[in-house]
Amino acid sequence: MNTRVTGLLGIKYPIIQGGMAWVAEYHLAAAVSEAGGLGLIGAASAPPEVVREQIQKVKELTDKPFGVNVMLMNPNAEEVAKIVVEEDVKVVTTGAGNPAKYMELWKRAGVKVIPVVASVALARLMERSGADAVVAEGMEAGGHIGAATTMTLVPQVVDAVGIPVIAAGGIADGRGVAAAMMLGAEGVQMGTRFCVAAEAITHANYKEKIIKAKDIDSEVTGMSHGHPIRQLRNRMTREYLKLEKEGAPFEELEQLTLGSLRKAVMEGDVVNGTVMAGQIAGMITKEQTCEEMIKEIMDGAEKLLHR
Ligand code: TUI
């Protein structure tokens, strides 16, 4: 399936991996790229030198294209932005903010820049700033989300910009890919399904929580202070939402979640930790290698799109 996204990135299949904090490290990134998609290192809040090491480790495992996701709320984002250039990374995606101030640096170095957007306004601004494509991410996604759904956001972004659009949020199989293409997208970004990939270092408890999740098992915390996060329901979300309802100050809520994603992903505490995942978790039933996942998804999509 050739689209402007496969051409732009030099990849076989129009599937890119989400830049999930803690989960998107070098084993997963290399496996997705080796399977013909675009793997990504999720820089998240990692120290810049750790991001550099991660990039070097992907290069040891694959000679296929891969990228780095720069999380713009990270106080170290500027240093990470420079490391991407120093390490000659070919593709950057960004999340949770507006990357305009890094655009010149990246474009001058020939980096392909693909901001993740949650609105038409930011998509337009990104195109004007020189973005090569955008990921339009609906609120079905896990983690930090916007307000629009994938079904409504993707066609509106497609109509608003001339650059290729990659759909994200609620996509985990061939039907999702085919539907995204019908909406005018030329690729998809997937996170939740890759969280349970055999190559992902995600703790077994985290994978099991996603595999056991049903359609309505996610909650959105942080709506009251403008940082909505989608995650699977557990003791943490119950406590957080209770405090939020009582009008607890932002600082108290922030204290509660300090280190909580690491606790879930790395230590497997899926009761008190933060289990970020999208609404599509309910459809994910097993761990597979990235190659198996991508093959199954692309076979499914191609059958639907050619029938
Ligand atoms: O970035 C994401 N998802 C994320 S980042 C993340 S790390 C984190 N950990 C703990 C607390 C908070 C974050 C977890 N999940 N997705 C891409 C995305 N970007 N979704 C929505 C947006 C977005 C939202 C508003 C992008 C830009 C924006 O406004 C920018 C502006 O300044 O206008």
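Predicted model: local features only at pLDDT ≥ 70, side-chain atom pairs only at ≥ 80, totals over all residues.
Glu 137 puts an N or O atom of its side chain 3.1 Å from a nitrogen atom of the ligand.

At Ala 96, a backbone N or O atom lies 3.0 Å from a nitrogen atom of the ligand. At His 144, a polar backbone atom is 2.9 Å from a ligand nitrogen. How much of the ligand does the protein cover? On its own the ligand has 720 Å² of accessible area, and the protein covers 68% of that.

Now the shell. There are 15 residues around the ligand, and those that come nearest are Ala 96, Gly 97, Val 116, Glu 137 and His 144. Sorted by class, the shell has eight nonpolar residues, six polar ones and one charged one.

Next, the strands. Glu 137 belongs to strand S6, which covers residues 134–137. In a regular strand, side chains alternate between the two faces of the sheet. In S6, Val 135 and Glu 137 point one way, while Val 134 and Ala 136 point the other way. Are these four buried or exposed? All of them are buried.

Strand S6 pairs with strand S5, residues 112–117; the two run parallel and are joined by two bridges. Opposite Ala 136 of S6 stands Val 117.

There is also an open sheet of three strands, in the order S7-S11-S10, with antiparallel pairing. Which strands stand at the edges? They are S7, residues 143–144, and S10, residues 218–221. Each has a single partner strand, so one side of each is left without a neighbour in the sheet. S10 and S11, the latter at residues 229–232, pair in the antiparallel sense over four bridges.

For Cys 195, the nearest cysteine sulfur is that of Cys 290, 11 Å away, and Cys 195 is in no disulfide. Are they buried or exposed? Cys 195 counts as buried, at 4% relative accessibility. Cys 290 is buried as well, with a relative accessible area of 0%.

Conventions: Residues numbered from 1 in each chain as written. Heavy atoms only, no water. Near = heavy atom within 4 Å. Polar contact = N/O pair within 3.5 Å; in protein donor to acceptor, adjacent residues only side chain to side chain. Areas by Shrake-Rupley, 256 points an atom, 1.4 Å probe, with all protein chains shown as cover. Nonpolar A, V, L, I, M, F, W, Y, C, P; charged D, E, K, R; others polar. Disulfide = S-S within 2.5 Å. Buried < 20%, exposed > 50% of the residue type's maximum accessible area, 1.4 Å probe, protein only. Pairing = 2+ DSSP bridges.
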